[in-house]
Amino acid sequence: MYFRLLHDESSGAVSYLLADLDAGEAVLVDPRGADVPVLNAMLDEHQLRLRWLLRTHEHDALLTGEAAALDALGAPRIQHHLPASQPQGNPGAEPSHAFLTFGNEHVQVVRTPGHTAGCLSYLWRDRLFCGGLLAVDACPFQPRPALPEALWDSVVNDVFKRPAETLLFTGHATQSRAVSNVLEQRRWHPWFGGATRDEFLARVRTLPPAATASSTTASTPPPRHEHTDDDRLLRTHH
Ligand SMILES: [Zn+2]
C-alpha cells in the first residue's frame, strides 16, 4: 500500500492519496484543484489509475472553478451523497454507508452530515478520513458548522463510538494535528470532549453566523505560499 498526505500551508487543507501499488489503482481524498499537476505526477510516478475522487465536503461556492479543475483528473467524483452502488444500513432506514473498491482494497463511505449538510467520511482499514467534522470553528471557509445538531450526532454517535484506536485524518489542519485517534478526541476534543449536547449547541450559537458565498469572499484564504514538494509531502509506505 501507498499512502501520502499533502498539506496546504495557507488554508490548512489536507489531501490524501491511497493506492494499491500491486493493482495499480488509487483514490484521492479531498484533492485541491490547485494540486492537480502535482497529483497527476504522483499518480504517473507509480503508473496508478485513479479510480475515485472522494470529497468529504466542499466549499465550491467560494472556490469557483474547483470542481472543474478536479474533473481534469478524470475520475468519478463522490460527494454529498453515498455512491449508488451497494448502499448499506438498517432495513427501511436511509442507507448509512456504502462501499467502493480500488485494487484489492475497499473504502467505506459513511454519511456524516454537520460541518456541511452533505458531509461524507471515508473509512479505509483503521483510518477514517473525516474532513471538517472535528474542525467546528477552524474551517477557513465557514465560521460555524452548517448543521450543528447533525454534527453532534455524527461526531458523538458515530465517530466517537468507533474503536478507540481508529485513526482520524482531518481535512482542515489549521489549528490541529492532521491525525489523531478516537480515544484522544473523545476525551480531549475542545468542543466535544466532556461537553453535553446542550452545552455544545449553546457554544456554537456564540460563533459568527454562517455567511453567504458573496459576503465571505473577503475571508477566502490568500493564495498559498510556494513550497517545495518536500515541504508539503509526507510519505509513508505500508
Ligand atoms: Zn470545511
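Two strands count as paired here if DSSP finds at least two bridges between them. Keep that in mind as we walk through this structure, which is a predicted model.

Strand β2 covers residues 14-20, and β3 runs over residues 25-29; the two pair in the antiparallel sense over five bridges. Pick out Leu17 and look across to β3: its bridge partner there is Leu28. Between β2 and β3 the hairpin has four residues, and Gly24 takes a positive phi near 70 degrees in it.

Now look at β1, residues 2-7. Strand β1 also pairs with β2 in the antiparallel sense, over six bridges. Here you'll find Leu5 standing opposite Tyr16 of β2. The hairpin of β1 and β2 has six residues between the strands, and in that hairpin Gly12 has a positive phi near 80 degrees. As for β2 itself, six of its seven residues are buried, so the strand is mostly covered.

Next, the inside. Nonpolar side chains tend to be buried together in soluble globular proteins. In this model the largest nonpolar core has 45 residues. Leu28, which we met as the partner of Leu17, is among those with the most contacts inside that core, along with Ala26, Val27, Leu54, Val109 and Tyr122. Val109 is worth a click: leaving out residues up to four places away in sequence, Val109 touches Ile78, Leu82, Pro83, His97, Ala98, Leu100, Leu120 and Tyr122.

Finally, move along to helix α3, residues 148-157. Its buried residues are Pro148, Leu151, Trp152, Ser154 and Val155. Part of what covers them is α5, residues 197-204.

Terms used:
Residues numbered from 1 in each chain as written. Buried ≥ 20, exposed ≤ 12 C-beta atoms within 10 Å, placed from the backbone. Core = buried A, V, L, I, M, F, W, Y, C linked by C-beta atoms within 7 Å. Contact = placed C-beta atoms within 7 Å.
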